[in-house]
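Here are my notes on the model that you asked me to look over.

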Amino acid sequence: MTENATRNDVAAFLTRRLAEITKRDPSAITGSSVFVEMGLQSIDAVLLCGEVEDTFGIELDPASIFEHDTLDSFLKHIDERIAAQ
Amino acid sequence: MTLRPTTFRPETTWYLGLSTSGHDPALAIADETGRIRFAEATERFVQDKRAWGIAPDHVNHLEHALKVCGADPERDRFVVATSWKSVKAALDISVHDAMLPATDTLWIRGLQAGLQAGAGTNLLRLGVEDARRETLHFDHHLCHAATAAYFAPVDDAVNLVLDGEGEVGAASLFSMSGRRLTRKWRSWGPGSLGTFYAWLTFHCGFDWRLGEEWKVMGLAAYGTVLPDLMNELTGLLSADRGRLKFTDDRTIAAIDALTRAHARAPGAPVMDGADLAATGQAAYAALADLVISAVREDGVPDLLLSGGCALNSSYNGTIAGRLGFERLHVPPCPADDGNAIGAALLAFMQDRDEEAVPQSPDASPFLGTTPERALERKMMFAANGLVVANVAGRSADVVAGRLSQGRVIGVMRGAAEFGPRALGHRSILADPTYPGIKDRINAEIKGREPYRPLAPVVPEAEVGDWFERPQPSPYMSVTLPWRNAVRDLVPSVVHADGTGRLQTVSPETQPWMSGLLEALRRTSGAPVALNTSLNVMGKPIAHSVEDALAILATTGLDGVLCEDFLVEKPVVD
């Protein structure tokens with residue numbers, strides 16, 4: 001799998017899950033969407049990190065989703081983790 | 001004349017593991033071969049149960065530990081390792097408070113932050129220059145898993161951690177192959193069997209902050225599992241492929257309200273909580289089964305279990321032969337104190353580029369302080385009104401003789417056990433064939449509730465003669481049913497539900513205790529000793545000779561064996 005494919009996979013996965021969790025249309029979620037403004041609760045953010053770990057076989061830092069407040073910023077961080085492995 | 005350095009030796013590196021959870025601090029020191037040379041919980045040294053918030057590198061305790069290892073603070077190098085990677089208080093996560101009060105969680109996080117920040121600082125006080133000191137931080141569950149691996153008699157195993165709270169959740173699964181650990185998954189979020197048991201402890205009228213989960217486990221034997229309540233309690237948690245999740249807050253509140261109808265108020269009669277204890281323990285078992293049945297690996301018959309949940313000996317005794325595992329291995333120190341060992345080993349591995357977790361050469365739990373040498377002089381002064389005898393070379397026979405007369409004797413021999421159980425080095429011993437001796441120990445010596453069980457020691461080679469589902473239990477990690485035919489022989493170590501939390505010993509690993517059991521066999525017919533920790537309720541296990549003699553002076557204990565000296569109260573007719 002190329003890095004681009006991985007990045008697109010993670011982006012698609014997060015967009016789909018964020019839409020389900022915050023009960024909104026996936027098309028309304030963009031790279032600059034801010035998690036807190038979408039109504040993402042901290043407990044859901046934590047559980048979502050677990051789903052990313054399980055789905056993509058990486059280890060995330062527990063603070064990461066709170067340090068990155070937009071989808072793009074969080075995706076960039078995940079890319080770095082994948083590259084580091 | 002040439003000058004020769006008199007103290008020349010190459011610089012040595014020591015790996016100082018520190019348990020920095022905030023509760024149950026401990027230190028452990030590994031040498032350059034990855035062997036643990038010393039390990040001890042801080043609570044023993046300061047004689048304060050659980051030692052909340054006290055630095056695991058408490059300066060006087062650390063000084064003693066370095067001396068025992070032969071470390072030289074003036075020249076050696078020290079790699080300090082903490083048992084947590086992150087500082088929980090620094091995470092901007094709202095605290096889950098549906099099961100336990102948020103204040104308790106915030107309190108512990110505050111203590112953890114302080115201990116993480118200060119770890120290893122006390123080395124400076126002992127003369128270690130800053131340049132010869134570095135600090136590493138390791139994942140909490142990885143520390144548990146490494147500790148379990150150190151004591152495990154196998155190189156390949158499923159290595160599962162279940163506790164109250166880790167870095168991101170309360171369960172982690174590792175695969176151990178050739179002693180190399182690989183994380184398979186970890187659960188995220190507050191879902192936790194440890195938190196469930198703390199909540200249960202509270203509703204049974206006890207206090208998890210005092211470590212009273214034991215009392216729930218013991219009380220469960222007196223209760224009846226209530227099917228409707230059981231159904232509700234198991235609804236608190238789900239295990240998605242082993243990953244634990246609490247149900248939503250509204251459902252938790254509803255189950256909490258239902259449970260209150262069966263709860264016991266802290267001052268109420270203990271037996272008021274028995275049905276809830278039994279039902280909660282059964283719910284714990286059902287939930288833990290869900291996790292364990294999800295972690296089996298084809299062709300891997302051994303399960304290593306650690307984390308605070310691995311202290312649930314009643315459940316542990318049911319695992320082997322079920323759920324895809326033939327054998328269960330629990331280290332002597334599965335809870336957070338034990339993480340000091342894991343942290344020290346991980347520091348050793350990182351510093352020396354080792355991938356495999358070292359294995360203990362003898363699996364010995366006796367890693368703590370040895371009674372000091374000034375013993376004989378102390379005994380002479382302490383002897384006023386007491387009988388003191390040097391029983392060197394025959395102490396097991398002499399103590400067994402006293403036990404068979406119905407006397408109850410404390411023993412303080414050799415290096416202390418690391419972990420919560422007394423395994424014969426800091427123990428109170430009795431002959432369990434005396435029916436009334438359990439009540440006497442609970443009432444007159446330990447000062448605890450009469451229902452609480454006392455544990456047996458049996459020869460490992462004969463465990464099948466005494467117990468159903470026989471298996472080794474060198475660290476007193478499992479509770480098993482006594483065989484029907486033998487229950488009346490050893491009434492004081494048979495719990496209300498016919499079980500015992502056994503320790504098995506062999507002449508190779510525990511010659512003294514094995515000798516004592518043989519001597520008891522000759523007098524009572526049963527090679528079984530009653531063994532409980534050398535402490536009184538609310539206090540840690542005795543650390544110094546003075547602690548042991550204080551217990552003798554202030555309880556109904558008949559005598560104390562300190563190394564080769566037996567100090568006894570005169571026999572009153």
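1. Confidence in chain A. The mean pLDDT of chain A is 86, with 94% of its residues at 70 or more; pLDDT is the predictor's confidence in each residue, on a scale from 0 to 100. Among the elements of chain A, helix α3 (residues 42-56) of chain A has the highest mean pLDDT, 90, and helix α4 (residues 64-67) of chain A has the lowest, 83. Helices here are DSSP runs of H or I with at least four residues, strands are runs of E with at least two, and both are numbered from the N terminus.

2. Basis and numbering. This is a predicted model, in which local features need pLDDT of at least 70 and side-chain atom pairs count only at pLDDT 80 or more, whereas totals for chains, interfaces and linings use all residues. Residues are numbered from 1 along each chain as its sequence is written, while chains are lettered from A and ligands numbered from 1 in the order in which they are written.

3. The interface. In chain B, 14 residues are in contact with ten residues of chain A, contact being defined as C-beta atoms, placed from the backbone, that lie within 7 Å. The side of chain B that touches chain A consists of five nonpolar, six polar and three charged residues; Ala, Val, Leu, Ile, Met, Phe, Trp, Tyr, Cys and Pro count as nonpolar, Asp, Glu, Lys and Arg as charged, and the others, Gly among them, as polar.

4. Helix α2 of chain B. In this helix (residues 59-69) the buried residues are B:His61, B:Leu62, B:Ala65 and B:Leu66. They lie on the same side of α2(B), because they cover an arc of only 135° around the axis; the arc is that of the directions from the helix axis to the C-beta atoms. A residue is called buried if 20 or more other C-beta atoms lie within 10 Å of its own, exposed if 12 or fewer do, and partly exposed in between, with C-beta atoms placed from the backbone. The cover over the buried residues of α2(B) includes β2 (26-30), β3 (36-41), α1 (42-46) and α4 (122-125) of chain B. After α2(B) comes B:Gly70, with a positive phi near 80°.

5. The five-stranded sheet. Chain B has an open sheet of five strands in the order β8-β7-β6-β11-β12, with mixed pairing. Its edge strands, β8 (180-186) and β12 (327-329) of chain B, each pair on one side only, and the twist averages 25° from one strand to the next. Within it, strand β6 (residues 157-162) of chain B and strand β11 (residues 302-306) of chain B are parallel and paired over four bridges, where two strands are said to pair if DSSP finds at least two bridges between them. B:Val161 has B:Ser306 in β11(B) as its bridge partner.

6. Positive phi in chain B. Most residues other than glycine have a negative phi. Which residues depart from this? B:Ala363 has a positive phi near 55°, and this residue sits in the loop between α12 (339-351) and α13 (375-382) of chain B, partly exposed with 16 other C-beta atoms within 10 Å. Another is B:Glu563, with a positive phi of about 50° in the turn of the hairpin that β20(B) and β21(B) form with two residues between them; B:Glu563 is buried, with 21 other C-beta atoms within 10 Å.7. Partners of β21(B). Strands β20(B) and β21(B) run antiparallel and are joined by four bridges, with B:Val567 in β21(B) as the bridge partner of B:Val560. Strand β13 (residues 387-390) of chain B likewise pairs with β21(B) in the antiparallel sense over four bridges, and there B:Val387 stands opposite B:Glu568.

7. Helix α18 of chain B. The buried residues of this helix (residues 545-554) are B:Val545, B:Ala548, B:Leu549, B:Ile551 and B:Leu552. Seen down the axis, they fall within an arc of 155°, so they line one face of α18(B). The face turned away from that buried side carries the exposed residues B:Ala553 and B:Thr554.

8. Surroundings of B:Ile437. This residue belongs to helix α15 (residues 437-446) of chain B and counts as buried, with 21 C-beta neighbours inside 10 Å. Leaving aside neighbours within four places in sequence, the contacts of B:Ile437 include B:Gly406, B:Val408, B:Ala430, B:Ser492 and B:Leu530.

Terms used: Contact = placed C-beta atoms within 7 Å. Axes fitted to C-alpha atoms, helices over the stretch in contact; angles between N-to-C directions.
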